[in-house]
Structures are given as C-alpha cells and as structure tokens.
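Here is a short note for a reader opening this entry for the first time. The points below can be read alongside the sequence and the 3D view.

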Amino acid sequence: MKAFLLIALSCGMVVCAAATEHGPEIGEPAPEWTGLAGVDGRQHSIKDLAEFQVIVICFTCNTCPYSIDYESRLNALQKKYHDASASVKLVAINSNGIAADNLENMKKRAQEQSFRFDYLRDETQEVARNFGAIYTPEFYVLNQDRRVIYKGAMDDNTDATKVSERYVEAAVDAALAGRLPTVTKAGARGCAIRFRRSRS
C-alpha cells in the first residue's frame, strides 16, 4: 500500500477525481485545434475530421500507469466502430509537459502498441487548457455539430475485467442516434496532466 501511495504521489495521480470544472459544458461547442503534430508525421486539425459524425477525444500520455492500462481499450474502441463501419473517429492527444511524453517517444509508443487511432502532440498545452482537461486519461465525445455531449472517464472501473458501465461507448451510440447520452459526465480517474508553469 505504501509503495502504491509513493507511486501515486510521484505521478500526480488521483484515483477518483471530479469532472473538470473548466472548458466547455455539455451542449457547448468544442474548442478547435490546428497544427498538432501526429505520430504519423502529419499536422492535424479538427477540421480534417469533418467526414466523421462523432469524434472521441482522449487526453492521454506515455507515462501515466492508468493511461497505459487503457491503451488496449482505446484500440478496441476504435476497432469496434471501424469494423461496424460507423462514422466515428478516436483521437488521442498528449499534452503532458515532460520529456518522456515528447513526440519522438510518442512515435515509439504508438509503434510498440500498434495504435489504431491518431496520436497527437499538444506541445503548447493549449488544447488541454481549452478543453479543461486535467487528467490522463480523460475523454470528450463530440457530436456531429461538434458539441460536447460527454466528458470524463471512459468507463466505471480501471480494472477492465470489472467494467459494467461503458460511458464513452454509450455516448458515442447516443450521438450516432442523434441524442444525448443518459450519463453526460463521470469523474475522470488517472494522473494529473503535467502543465508547465507560465512565466510572467
């Protein structure tokens, strides 16, 4: 137990956190982004995703144990909707301000884990700040009008074998049906994003 607490403190980890207090509220337009470098060597913009009916955004990183545990769930989520020919796109954004989360290390991680989704570097951390994201992993589901219809945790348990509520999937299915999900917010669980201190 002591070892876990030490790891948690060093990672800035929170086991169960409240939903974000800043950024867009449910039903409000999502912030846009442009010029985010991807592990595929391209620059990415939210406008590149105009063909998709639903966008799932996950703020994640290479280094948080919770984020690492969720990588297989991210791949499975993208595969599920791809195989169903659903108009859904998962985008992972890394805003963590430490060297282990730089673009080169992101490329290595994406290759090692065979990521099926876009993995983008938010070097200025502006995208995370605009969304009000403060944890990894933390999710936002955007509908066809690019309004936020869900934000928070992917599901109700960090142990994949004990998940009973899949909040993100329910929100995606609701968006595809043109409605709001029953659950629009759930507390994100994970590590705090390492924001750099602004210099005055």
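1. A residue counts as buried when its relative accessible area is under 20%, and as exposed when that area is over 50%; partly exposed covers the values in between. By that cut-off Arg109 is buried, because its relative accessible area is 17%. The model is a predicted one, and each point below should be read with that in mind.

2. Arg109 has a charged partner. Its side chain forms a salt bridge with that of Glu71, with 2.8 Å from N to O. The two residues are 38 residues apart in the chain, Arg109 belonging to helix H3 (residues 103–112) and Glu71 to helix H2, so the pair links distant parts of the chain. Glu71 is also buried, at 6% relative accessibility. Side chains of opposite charge can pair when their charged atoms come close.

3. Arg73 pairs with Asp155, and their closest N and O atoms are 2.8 Å apart. This pair, too, links distant parts of the chain: Arg73 sits in helix H2 and Asp155 in the loop between E9 and H5, 82 residues apart. Asp155 counts as buried because its relative accessible area is 3%. Arg73, at 12% relative accessibility, is buried as well.

4. Which residue has Arg73 over its face? It is Tyr70, with Arg73 at 3.8 Å from the ring centre. Tyr70 lies in helix H2 and is buried, at 3% relative accessibility. The side chain of Tyr70 also makes a polar contact of 2.7 Å with the side chain of Asp155. Asp155 therefore takes part in two of the interactions described here, the salt bridge with Arg73 and the polar contact with Tyr70, while being buried at 3% relative accessible area.

5. Apart from neighbours within four places in sequence, Tyr70 is in contact with Pro137, Met154, Asp155, Asn157, Thr158 and Arg189. Thr136 is 66 residues from Tyr70 along the chain, and the C-alpha atoms of the two are separated by 9.8 Å.

6. How many salt bridges does the structure hold? The count is 13. One of them joins the side chains of Lys185 and Glu25, at 2.9 Å from N to O. Together with Lys151, Glu25 and Lys185 are linked in a network of salt bridges.

7. Helix H5 (residues 167–176) is mostly covered, with seven of its 10 residues buried. These are Tyr167, Val168, Glu169, Ala171, Val172, Ala174 and Ala175. They pack against helix H2 (65–83) and against strands E4 (54–60), E5 (88–94), E8 (138–142), E9 (148–152) and E10 (185–186). Just after H5, Gly178 has a positive phi of about 75 degrees.

8. The largest nonpolar core has 27 residues, and Val56, Val141, Tyr150, Val168 and Val172 are those with the most contacts inside it. At least two residues of this core come from each of E4, H2, E5, H3, E8, E9 and H5. H5 gives the largest share, five residues. Val168 touches Val56, Leu77, Phe139, Val141, Tyr150, Ala153 and Met154, leaving out residues up to four places away in sequence. A second, separate core has 20 residues, among them Ile57, Ile93, Leu120 and Leu142. In soluble globular proteins, nonpolar side chains tend to be buried together.

9. Aromatic pairs number six. One of them, Phe131 with Tyr140, is edge-to-face, with 5.1 Å centre to centre and 65 degrees between the planes. Are these two residues buried or exposed? Phe131 is buried at 0% relative accessibility, and Tyr140 is buried with a relative accessible area of 0%.

How values were computed: Residues are numbered from 1 along each chain as its sequence is written. This is a predicted model: local features need pLDDT of at least 70, side-chain atom pairs count only at pLDDT 80 or more; totals for chains, interfaces and linings use all residues. Side-chain values use heavy atoms; hydrogens and water are left out. Buried means under 20% relative accessible area, exposed over 50%, partly exposed in between (1.4 Å probe, protein chains only). Helices (H or I, at least four residues) and strands (E, at least two) are DSSP runs, numbered from the N terminus. Contact means heavy atoms within 4.5 Å. Rings of Phe, Tyr and Trp (its six-membered ring) pair if their centres lie within 6.5 Å; planes under 30 degrees apart count as stacked, over 60 as edge-to-face and the rest as tilted. A charge sits over a ring if NZ of Lys or CZ of Arg is within 6 Å of the ring centre and within 35 degrees of the ring normal. A salt bridge is a side-chain nitrogen of Lys or Arg within 4 Å of a carboxyl oxygen of Asp or Glu. A nonpolar core is a set of buried Ala, Val, Leu, Ile, Met, Phe, Trp, Tyr and Cys residues joined through side-chain atoms within 4.5 Å. A polar contact is a pair of N or O atoms within 3.5 Å; within protein, one must be able to donate a hydrogen and the other to accept it, and residues adjacent in sequence count only if both atoms are side-chain atoms.
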